[in-house]
Amino acid sequence: PEVFSGMLTSRVAQRFAEGLPAFGAWISIPSSVTAEVTARTGFDYCCIDLQHGLIDYSTALPMMQAMAASDTTVFSRVTWNEPGIIMKMLDAGAMGIICPMTNTRADCERFVGACKYPPAPLGYRSMGPVRARLLHPPYASQANAAVLTFAMAETVEALQNIDAMAQTPGLTGIYIGPSDLGTSMGLGPGVDRREPEMLQAFDKVLAACAKANVVAGIHTANADYAKEMVAKGFKLVTAASDFGALSSGLSAVSKALQSE
């Protein structure tokens with residue numbers, strides 16, 4: 001399923017091309033087994049979280065190999081807007097990168113450039129897609145068009161610069177991190193937000209993305225709220241996590257047994 005024939009593409013890119021939203025699961029547990037299980041649950045994408053997840057590169061690689069048995073699109077949220085880890089995750093086969101704490105147009109240009117080979121505008125990615133080329137031999141000639149790039153908007157500064165950020169050449173979209181954004185706005189952390197100030201911030205990001213013709217994405221924690229965000233116009237929506245599902249699932253069984 002991850003060994004492509006013809007044009008290099010992904011399940012998420014195909015969803016976007018059809019005008020459909022893509023739903024995803026977040027992976028924070030450093031295990032190829034849980035990554036494989038998560039990838040087989042039917043989500044359009046699964047994102048390996050190197051920033052706040054308990055995962056480093058040497059663990060992420062076998063996780064991606066385990067996920068290759070499904071047709072989910074492999075994303076990674078990298079540790080930071082640092083070219084080295086961005087390029088390593090792409091070389092290992094990630095088809096999408098979510099970059100944290102991007103606050104300006106310059107931040108977005110630095111991020112996108114690390115994902116694109118020259119002579120693409122901004123591109124300075126070094127050539128060496130070891131595993132990516134194994135999955136798809138003509139990778140180098142098609143990667144610029146196929147790799148999905150999402151810059152995170154999660155600060156007041158990013159909101160102030162959101163129009164310029166969304167217009168960055170080669171950027172696929174903007175992905176809202178509601179917990180950091182709420183913290184930056186003085187509202188505290190948390191997902192699935194309903195504060196009027198947060199909803200206004202979401203609308204501002206949606207408007208900027210629509211104007212720039214890029215995808216708006218957001219991090220959520222349950223299916224009902226995720227569907228609400230799709231109704232607002234978000235197209236890349238994380239709706240679950242391995243850590244959360246494991247904890248809530250086992251807790252629910254434990255509570256049910258104790259209540260007998």
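Biologist: Which residues of helix α12 are buried?

Modeller: In helix α12 (residues 223-232) the buried ones are Tyr225, Ala226 and Met229. Buried means under 20% relative accessible area, exposed over 50%, and partly exposed in between (1.4 Å probe, protein chains only). This is a predicted model, with pLDDT of at least 70 needed for local features and 80 or more for side-chain atom pairs, while totals for chains, interfaces and linings use all residues. Numbering starts from 1 along each chain as its sequence is written, and side-chain values use heavy atoms, without hydrogens or water.

Biologist: What do the buried residues of α12 pack against?

Modeller: They pack against β1 (22-27), α11 (196-212), β7 (215-219) and β8 (236-241). Contact means heavy atoms within 4.5 Å; helices (H or I, at least four residues) and strands (E, at least two) are DSSP runs, numbered from the N terminus.

Biologist: New topic: where is the cis peptide bond?

Modeller: Between Pro118 and Pro119, with omega about 10°. Pro119 is in the loop between α5 (105-115) and α6 (130-135).

Biologist: What about phi of Met101?

Modeller: Met101 is not a glycine, yet its phi is positive, about 50°. Met101 lies in the loop between β4 (96-99) and α5, and is partly exposed at 21% relative accessible area.

Biologist: And Asp192, buried or exposed?

Modeller: Buried, at 19% relative accessibility. Asp192 also has a positive phi, near 55°, and belongs to the loop between α10 (178-184) and α11.
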